[in-house]
Amino acid sequence: MNNLAPFIAPALALFFILRRGLRPRRVKPNGLWTFPVVLTVLALLSLSHSGVPALLAVAAYATAVVGGFALGWFTAQHVELTLDPASGTVMSKPTPFGSALTALVFIGRFAIEYFVKGTPGGPPGAHIAPEHAANLIWLANAGLLFVAARMIGRAWHMWIRTRPLLAQIAAPKATE
């Protein structure tokens, strides 16, 4: 069981990514933050095993966060939202590209760590130079931060976009 422990976080992340990304779903404005927060916590847990990053890595992380947030914000403009006035439900149709991007970044990050260290959280392996291994790891970490920031940017924009739809439902009920 101890050998499988490093694989729990990536397996959970992939499970949630694939489960949520394969079907249309009801948008719950107050629950929009749940998945991005879980994904961010899992990404930060993965990064906690990497040690203190170099200055260049911190710059890459900051760029990844800003770029991911911007991409999430702008791609949320293209998510199709539909409103069912009878039930008051807002539905969103997920984009396959976004789900695939998120899953591929998580798979890539843990594949690189496995290649470099032999196992997630393990010591660097002898089959790759340590300076190259560190660069691969921080690039993969930047990818995780990119995905987490993209999800947060998307959730924020979706929260803003659902407010007018919910106001349309609330307005007739207030006049009754």
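Colleague: Which helix does Leu45 lie in?
Modeller: This is a predicted model. In it, Leu45 belongs to helix α2, which covers residues 34-47.

Colleague: Is Leu45 buried, partly exposed or exposed?
Modeller: Leu45 counts as partly exposed, because its relative accessibility is 47% and that class lies between 20% and 50%.

Colleague: And which residues make the nonpolar surface patch?
Modeller: Leu45 makes the patch with Val37 and Val41, and its area is about 250 Å².

Colleague: Turning to the sheet, what is the order of the strands?
Modeller: The order is β1-β3-β2, in an open sheet of three strands with antiparallel pairing. β1 (25-27) and β2 are the edge strands, each pairing on one side only. From one strand to the next, the twist averages 40 degrees.

Colleague: How many bridges join β2 to β3?
Modeller: Five bridges join β2 (residues 80-84) to β3 (residues 89-93). Glu80 has Lys93 as its bridge partner in β3. The two strands form a hairpin with four residues between them, and Gly88 in the turn has a positive phi of about 70 degrees.

Colleague: What about β1 and β3: over how many bridges do they pair?
Modeller: They pair over three bridges, in the antiparallel sense. Arg25 stands opposite Ser92 in β3.

Colleague: Where is Thr89 placed, and is Thr89 buried or exposed?
Modeller: Thr89 is in strand β3. Thr89 is buried, because its relative accessible area of 14% is under the 20% cut-off.

Colleague: Which residues does Thr89 touch, leaving out those up to four places away in sequence?
Modeller: Thr89 touches Arg26, Thr82, Leu83, Asp84 and Ile169.

Notes: Residues numbered from 1 in each chain as written. Predicted model: local features only at pLDDT ≥ 70, side-chain atom pairs only at ≥ 80, totals over all residues. Heavy atoms only, no water. Pairing = 2+ DSSP bridges. Patch = residues over 30% accessible without salt bridge, like charges linked within 9 Å, V, L, I, M, F, W, Y side chains within 5 Å. Areas by Shrake-Rupley, 256 points an atom, 1.4 Å probe, with all protein chains shown as cover. Salt bridge = Lys/Arg side-chain N within 4 Å of Asp/Glu carboxyl O. Buried < 20%, exposed > 50% of the residue type's maximum accessible area, 1.4 Å probe, protein only. Contact = heavy atoms within 4.5 Å. Axes fitted to C-alpha atoms, helices over the stretch in contact; angles between N-to-C directions.
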